Structures are given as structure tokens and as C-alpha cells.
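These are my notebook entries on one structure. I set down what I looked up, entry by entry.

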Amino acid sequence: MFETALAVLLATLRLGPLLVFAPPFSLVRLPIWTRTVLAMALALCVLGISTPVQAQAWRGDFVSAASSELVLGIAMALPLQLAFAMIGVTGRALDIQAGFGLAFLIDPTTRAQMPLIGALFTYAAAAIFFATGGVADVLAVLSASFAVLPLGAAAAPGAVQAVLAFLGTVAILSMGVAGLAILTLLLIDLVIAMLSRTLPQMNVLVLGFQVKALTALLLLPLTLGLSAGIVARILRLAIEAMTRIA
């Protein structure tokens with residue numbers, strides 16, 4: 001019984017960072033103890049269906065095994081965090097270009113300030129993640145990780161290379177999420193710059209803010225619709241990066 005409790009604790013350290021800290025799970029407002037209990041229940045289920053985890057490699061040094069499991073859990077949660085972070089950065093860039101740089105929303109989950117369009121992009125990505133079966137895929141990756149890396153033997157030498165390769169790819173793809181709106185606003189900036197040279201008496205600064213803000217609001221539904229495929233691809237690459245880490 002005591003060894004079973006220790007095994008559940010080790011499995012929770014591997015599963016916990018993804019459920020507690022990584023989006024989109026962190027976007028749902030739940031108490032921290034509820035997330036912890038959910039991670040422990042999931043760990044108990046995984047231990048019940050995965051036979052390779054019965055290899056008690058952690059009996060010699062429990063502290064070292066716990067540390068390695070926690071590091072592995074953080075590494076596996078990192079691709080999803082980077083994916084949502086880059087999507088949020090793209091939305092923030094669109095916020096600034098459209099003149100919404102000073103507009104912030106209060107995230108009820110983290111109680112932190114979030115940019116207007118960046119928040120919409122983040123929650124839209126979360127909706128796409130749940131709609132495309134991302135939860136089932138993540139659970140499958142986590143369950144398979146115990147077959148590849150038994151408890152106490154968590155060592156992923158290729159984790160750094162996998163995360164860096166994924167970061168380079170997602171940084172390029174994320175710019176396509178709002179590429180249409182950004183290009184349109186750039187053209188508007190060029191037109192306004194030409195007007196400022198030909199009509200210096202016109203207050204182009206005020207005119208530019210109004211035109212760009214209205215254009216961004218009009219293009220936002222179209223941008224979210226066209227970028228759904230790119231967001232789904234980014235999330236799929238994040239899950240594939242998790243498999244390479246494990």
C-alpha cells in the first residue's frame with residue numbers, strides 16, 4: 001500500500017505540471033487543490049492500465065526519482081505553453097498595430113491583465129484544442145510516456161532539441177495566424193503616411209487610429225476563421241513535440 005502511494009505520487013509529479021500550469025487547462029478556473037486531485041486520479045488510472053510502470057526503478061532514491069519526474073513533467077508541458085504563448089504574442093502584435101495597445105482585459109483565471117485581441121486568440125486556440133480532440137491526444141501521449149520511461153527512470157536527453165525545434169517552427173507559423181490583418185493594417189499605415197506628406201494640415205494621427213481600429217474589428221472574425229487551420233497545426237506540432245520529449 002505504501003509503495004502504491006509512492007508510485008501514485010511519482011506519476012502525479014509527471015502529470016501534474018501539464019494539468020496545473022499548461023494552457024488550455026490553466027485557462028479553466030479551478031482551485032489548485034482540485035487540479036492536484038485530478039492529477040492524482042489520472043495518475044492512479046494510468047498506473048492501473050500501464051504494466052511497464054511496475055518496474056520499481058525508484059526504490060533506491062525516491063528524492064532523485066521525484067525530481068526527475070517533475071522535470072520531465074515540466075518539459076512535456078512546455079510545448080503547449082510555448083504554442084499558446086506564441087499565439088498570444090501574435091494577438092498582442094495585432095493589438096499594438098491596431099491601436100489597442102492600452103486596452104487590457106482582466107483574466108478571471110490568473111487575475112492578470114491580458115491584451116484584447118491576444119485574449120481572443122488564446123481562447124479561440126483553446127476552443128480549437130478541445131474541438132479537435134486535443135485532450136484525448138495529450139492523455140494518450142502521457143499514458144505512452146510511462147511505457148517508454150518507467151517511473152524513476154525519467155530521462156529525456158532529446159528534450160532540449162525537441163523544444164528548440166518546435167519553438168523555431170511555431171514562431172514562424174504563429175505569424176500566419178494574424179497575417180491577413182497585419183498586412184492590411186500595414187497597407188493602411190503606408191496610405192496614412194503618404195497622406196501626411198501630401199496633406200500636412202490633416203490630423204492623420206487621429207484619423208489613423210480610427211481607421212485602423214475599425215478595420216481590425218471588421219477583419220477580426222475573418223482572421224479567426226481563416227487562422228483556425230494554422231492554430232490546429234500549431235497545436236498538433238505541440239503534441240508531436242511532447243512525444244519526442246517522452
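Predicted model: local features only at pLDDT ≥ 70, side-chain atom pairs only at ≥ 80, totals over all residues.

Residues are numbered from 1 along each chain as its sequence is written, and side-chain values use heavy atoms, with hydrogens and water left out.

Entry on α3. I took helices as DSSP runs (H or I, at least four residues), numbered from the N terminus. Helix α3 covers residues 62-98, which is 37 residues. The expected span is 1.5 Å times one less than the number of residues, so α3 should span 54 Å; its end C-alpha atoms are 53 Å apart, which agrees. After α3 comes glycine 99, with a positive phi near 90°.

Entry on aspartate 189. I located aspartate 189 in helix α7 (residues 179-198). Its relative accessible area is 26%, so I recorded aspartate 189 as partly exposed (buried means under 20%, exposed over 50%, partly exposed in between, with a 1.4 Å probe and protein chains only). Leaving out residues up to four places away in sequence, aspartate 189 touches Gln97 and Lys212; contact means heavy atoms within 4.5 Å. The C-alpha atoms of aspartate 189 and alanine 98 are 10.0 Å apart, although 91 residues separate them along the chain.

Entry on threonine 215. I found threonine 215 in helix α8 (residues 204-226). Threonine 215 is buried, at a relative accessible area of 17%. Apart from neighbours within four places in sequence, its contacts are Thr184, Leu185 and Ile188.

Entry on α9 and its partners. Helix α6 (residues 159-174) packs against α9 at about 175°, with the axes 9 Å apart. Axes are lines fitted to C-alpha atoms, for helices over the stretch in contact, and angles run from 0 to 180 degrees between N-to-C directions. I therefore wrote down α6 and α9 as roughly antiparallel (angles under 35 degrees count as roughly parallel, over 145 as roughly antiparallel, 65 to 115 as roughly perpendicular and the rest as oblique). Among the residues that meet are Phe166 in α6 and Ile234 in α9.

Helix α4 (residues 116-131) and α9 (residues 228-245) pack at about 65°, with axes 10 Å apart. That makes α4 roughly perpendicular to α9.

Note on methods:
Helix = DSSP H or I, 4+ residues; strand = E, 2+ residues; numbered from the N terminus.
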